[in-house]
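This report describes the interface between two protein chains.

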Amino acid sequence: MSAQPKKPLNVLQKMLDKEVFVRLKSNVEYHGKMVNVDVYMNMILDDTKEFYNGQQTASYGTVIIRGNNVLFVGLKNSANI
Amino acid sequence: MSAQPKKPLNVLQKMLDKEVFVRLKSNVEYHGKMVNVDVYMNMILDDTKEFYNGQQTASYGTVIIRGNNVLFVGLKNSANI
Amino acid sequence: MSAQPKKPLNVLQKMLDKEVFVRLKSNVEYHGKMVNVDVYMNMILDDTKEFYNGQQTASYGTVIIRGNNVLFVGLKNSANI
Amino acid sequence: MSAQPKKPLNVLQKMLDKEVFVRLKSNVEYHGKMVNVDVYMNMILDDTKEFYNGQQTASYGTVIIRGNNVLFVGLKNSANI
Amino acid sequence: MSAQPKKPLNVLQKMLDKEVFVRLKSNVEYHGKMVNVDVYMNMILDDTKEFYNGQQTASYGTVIIRGNNVLFVGLKNSANI
Amino acid sequence: MSAQPKKPLNVLQKMLDKEVFVRLKSNVEYHGKMVNVDVYMNMILDDTKEFYNGQQTASYGTVIIRGNNVLFVGLKNSANI
Amino acid sequence: MSAQPKKPLNVLQKMLDKEVFVRLKSNVEYHGKMVNVDVYMNMILDDTKEFYNGQQTASYGTVIIRGNNVLFVGLKNSANI
């Protein structure tokens, strides 16, 4: 029997505890460990680093990103899930 | 008996496992294999490549795009579905 | 007996299978055959051509446009419906 | 007995079959005959003419304007209703 | 017995038939007689005059302003209500 | 027994009849007496003064501000509540 | 038994009475003590200081920030929670 198709928001759950990058609409990126995420794409990152145009611009501990600012989310090692 | 009219969001389902391009409001495009999509046009792409002004600008593994950023979606080979 | 007033979203249904132009908020236009449309103005176009400032800038097969980007829709031959 | 207060969306109905102008957020105006309008201010215009900065820039047949782009609507002859 | 606190949307009703100014997000102002207003701040103005940077730029009869464009509304004579 | 945590929208109610400043997304500020406020942050100010970049740019009587434009609200004397 | 996954909005509650920074979409930051926060990320800060480009630009007492302006929130000492 074939597997259920993967729903986008379910796949976000597979990113828990993994290193992710989060591109915001402003084109700033946040890299960190995905601690949690909800259906609005509100998410918690630990050990967060901020990048702009490929340059690190800041580092933080835990941040909570408001989901409506998110453009896309990916795994940091560029792998498929 | 004639077929039911194709609803826009049903047609998105026909793009599963196909190579698609996704134009965002920012005019950046993401090309990749459509792994899944929901009714908000949140979608998962595998083997994602980023293009801007016709130039590839980055490549990623799996990305999850937040649907509210999407301008339009098409099949990469320019075919009608 | 006079006809019912034509509701905006019903009139969109009358555009099915016709050649339409769709102006987006970005002022880019998409011309193609209207294959389907829903109440959010999500729509499917076949044989889509992209225009900007009156110049064709690209051509696609089927595209699915997210309705919230739409400014207005019209019949390509400038006729009243 | 005094009349009911006129609700904004009811007054839109009084503009049916009249010549109206519709200013969009982009400051482009569309002038035409108001064929129909719904509570989101989605509206159908016939014999539509486009104006920008007081200059006509295009003419169309029937267009369907997505209501969320509308800034305001008025009668073309500057009369009160 | 003291009066009920005045709710913002109730106070709008007190502006009916008064001369008001309506500042939009674009910083354009419309001055006119408030004929009606609903809970979304959709409103009808009669004898409307348009101002930008303190200069009158146009005059209209009745206009219907879509509420989501409104920044604030006040009485034209700068009085408290 | 310890007090209930103060909910953000409840605290707005504590600002009634006090001198407040309201920063809008446009960075314009309105200073005045908070006459009322609802859960969308629609609010009524009396004796309103407008400031931009620390300079007073206008004064009004009562204004009704549409809540979706608000960035933040504070007490004018910089005190904690 | 392992702990429940931490939901983003629950983690916000863990920031109560702590020193936080709040980055808004405008890239202005507000630093202060998080007095309360609700599910829309409306929040109350005490002893608020405003920063732009790393420079303090103002100080306030209590401010109430409208949640839809928030980009992200973090603990001021850059620690994980």
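## Salt bridge and polar contacts

In this predicted model, R23(A) and E50(B) form a salt bridge, with 3.2 Å between the closest N and O atoms. The count of salt bridges between chain A and chain B is 1. The N–O distance of 3.2 Å lies within the 4 Å cut-off for a salt bridge.

Polar contacts between chain A and chain B amount to 7 residue pairs, counted where both residues have pLDDT 80 or more.

## The side of chain A that touches chain B

Three elements of chain A each supply at least two residues of the side that touches chain B: α1 (8–13), β1 (19–24) and β6 (70–75). The largest share comes from β6(A), with 6 residues.

By residue class, this side of chain A comprises 16 nonpolar, 5 polar and 5 charged residues.

## Strand pairing across the interface

The strand β6(A) also pairs with a strand of the other chain: 3 bridges join β6(A) to β5 (residues 63–65) of chain B. The two strands run antiparallel. Within this pairing, V73(A) has I64(B), in β5(B), as its bridge partner.

## Extent of the interface

In total, 26 residues of chain A are in contact with 22 residues of chain B. The accessible area lost when parts come together is often used to give the size of an interface. Between chain A and chain B the buried area is about 1,900 Å², and carbon and sulfur atoms give 55% of that area.

Note on methods
Residues are numbered from 1 along each chain as its sequence is written. Chains are lettered from A and ligands numbered from 1 in the order in which they are written. This is a predicted model: local features need pLDDT of at least 70, side-chain atom pairs count only at pLDDT 80 or more; totals for chains, interfaces and linings use all residues. Side-chain values use heavy atoms; hydrogens and water are left out. Contact means heavy atoms within 4.5 Å. Buried area is the accessible area (1.4 Å probe) that two parts lose on being put together, summed over both. A salt bridge is a side-chain nitrogen of Lys or Arg within 4 Å of a carboxyl oxygen of Asp or Glu. A polar contact is a pair of N or O atoms within 3.5 Å; within protein, one must be able to donate a hydrogen and the other to accept it, and residues adjacent in sequence count only if both atoms are side-chain atoms. Helices (H or I, at least four residues) and strands (E, at least two) are DSSP runs, numbered from the N terminus. Ala, Val, Leu, Ile, Met, Phe, Trp, Tyr, Cys and Pro count as nonpolar, Asp, Glu, Lys and Arg as charged, and the others, Gly among them, as polar. Two strands pair if DSSP finds at least two bridges between them.
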